[in-house]
Amino acid sequence: MLRVSRMLLGGNLDLSVLESAERSTFVVVDDALRQYSSFILRLVAATVIATAGIAADSATTVIGAMLVAPLMSPMLGTALAAAVGRPSDAVRTFLQTALGMLLVVAVAFAVAAIIPAGISMETNSQVTSRISPSLVDMTIAFAAGFVAALAAMRNDIPDAVPGVAISASIVPPLCVVGAGLFEGSYAAALGAFTLFLTNYVAIQAMGAIVFLLMGLGSKRLTAADERSRTMWYVLVAISVVALVVLLGGASMRVARAAERDRAVREVAVEWAGDSGYRISQMDIVGDDLFIEVSGSGDAPSARDLDDELDREGVEFGRVSVAVRFEETSEG
């Protein structure tokens, strides 16, 4: 354990670095006005930037907001406070995170309300990429939590912090929640909140592991008995398992849908090619398949396509084919 601790810390534990980490993550608040005002102002600014970036479908703007957003600090602070056995500080940082979350949702709701064109919950790529979380998102959050915990306790890797801010998607999903609530798209809001929750739980779990491996749970550093810390870790572990089951099911559905799309495209390309037509558009909406083909001569039959799909084990409630005839030039 000592070797692992020294490797993670890059040497022995520096108590001055621990004190700095506790202050930066709000475990210790010795200048409330300065610390909390900075947190609130940066969070509001990041929310406005992120929501505007989402409305403009601008990945660059959203990334800029991630670099400004400070919500990772109290999230990491909860993990740190739990590791060093300070339940009251863990509760306070947890409440700070919760209040920050509500602030982001409220500001995003307000920004969405004043955007003239509104925010599309169906076609905007900054929205659609954040409403269907999967195990991949949890894996990214675990890695981000590891680096964030590492950077908090080491002053020789500050260059990792911007990367952590970008990789751990925290504020943008909450902005989608606010925009989704304004637009009345509650399914999108729920999906985005699930992504935020996934990131939060993964960061708590990885923070707990890293901080304990660093030796922060030792008796000389722990300020309370083991009971409160154990209860928090059990809660985090249960949350991880629940999210793995939930996201695993979602990932399987996405994988099956991707496999079906691949099979449909292969069959459709062969079906259209045999008639001399080409597929110009293909959409799968629920249990219906819509295909547009372009070419000349005898148009391919939708019934033939449906039969070929059935033979491949792919069934649709309705298969529709639109034909765009093209004139051929002779001579």
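This is a predicted model: local features need pLDDT of at least 70, side-chain atom pairs count only at pLDDT 80 or more; totals for chains, interfaces and linings use all residues.
# Helix packing and a sheet

Trainee: At roughly what angle do the axes of H8 and H11 cross?

Mentor: Roughly 45 degrees, with the axis of H8 (residues 135-152) coming within 7 Å of that of H11 (axes are lines fitted to C-alpha atoms, for helices over the stretch in contact, with angles from 0 to 180 degrees between N-to-C directions). That makes the pair oblique (under 35 degrees is roughly parallel, over 145 roughly antiparallel, 65 to 115 roughly perpendicular, the rest oblique).

Trainee: Which residues make the contact of H8 with H11?

Mentor: From H8, they include Phe142, Gly145 and Phe146, and from H11, Ala202, Met206 and Val210 are among them (contact means heavy atoms within 4.5 Å). By type, the contact residues are 13 nonpolar, four polar and one charged (Ala, Val, Leu, Ile, Met, Phe, Trp, Tyr, Cys and Pro are nonpolar; Asp, Glu, Lys and Arg charged; the others, Gly among them, polar).

Trainee: What about H10 against H11, at roughly what angle do they cross?

Mentor: H10 (residues 171-183) and H11 (residues 186-213) cross at roughly 165 degrees, and their axes come within 8 Å. They are therefore roughly antiparallel. Their crossing is left-handed. Pro173 and Leu174 of H10 take part in the contact, as do Phe193 and Phe196 of H11, among others. Twelve of the contact residues are nonpolar, one is polar and none is charged.

Trainee: And H5 with H6, how far apart are the axes?

Mentor: The axes of H5 (residues 72-83) and H6 (residues 87-114) are 8 Å apart, at an angle of about 165 degrees. These two helices are therefore roughly antiparallel as well. H5 passes H6 in a left-handed crossing. The contact includes Met75 and Thr78 of H5 and Thr93 and Phe94 of H6. It divides into six nonpolar, five polar and one charged residue.

Trainee: Changing topic. How many helices and strands does the chain have?

Mentor: The protein chain has 13 helices and three strands (DSSP runs numbered from the N terminus: H or I with at least four residues for helices, E with at least two for strands).

Trainee: What's the strand order in the sheet?

Mentor: The order is E1-E2-E3, in an open sheet with mixed pairing (two strands pair if DSSP finds at least two bridges between them). E1 (278-285) and E3 (318-325) are at the edges with a single partner strand each, so one side of each has no neighbour in the sheet. Neighbouring strands are turned by 15 degrees against each other on average, ignoring direction.

Trainee: How many bridges join E1 to E2?

Mentor: Seven, and E1 runs antiparallel to E2 (residues 288-295). Gln281 has Glu292 of E2 as its bridge partner.

Trainee: Which helix lies across E2 and E3?

Mentor: H13 (residues 302-311), running at about 135 degrees to E3.

Note on methods. Residues are numbered from 1 along each chain as its sequence is written. Side-chain values use heavy atoms; hydrogens and water are left out. A crossing is left-handed if the near helix is turned anticlockwise from the far one by less than a right angle, and right-handed if clockwise.
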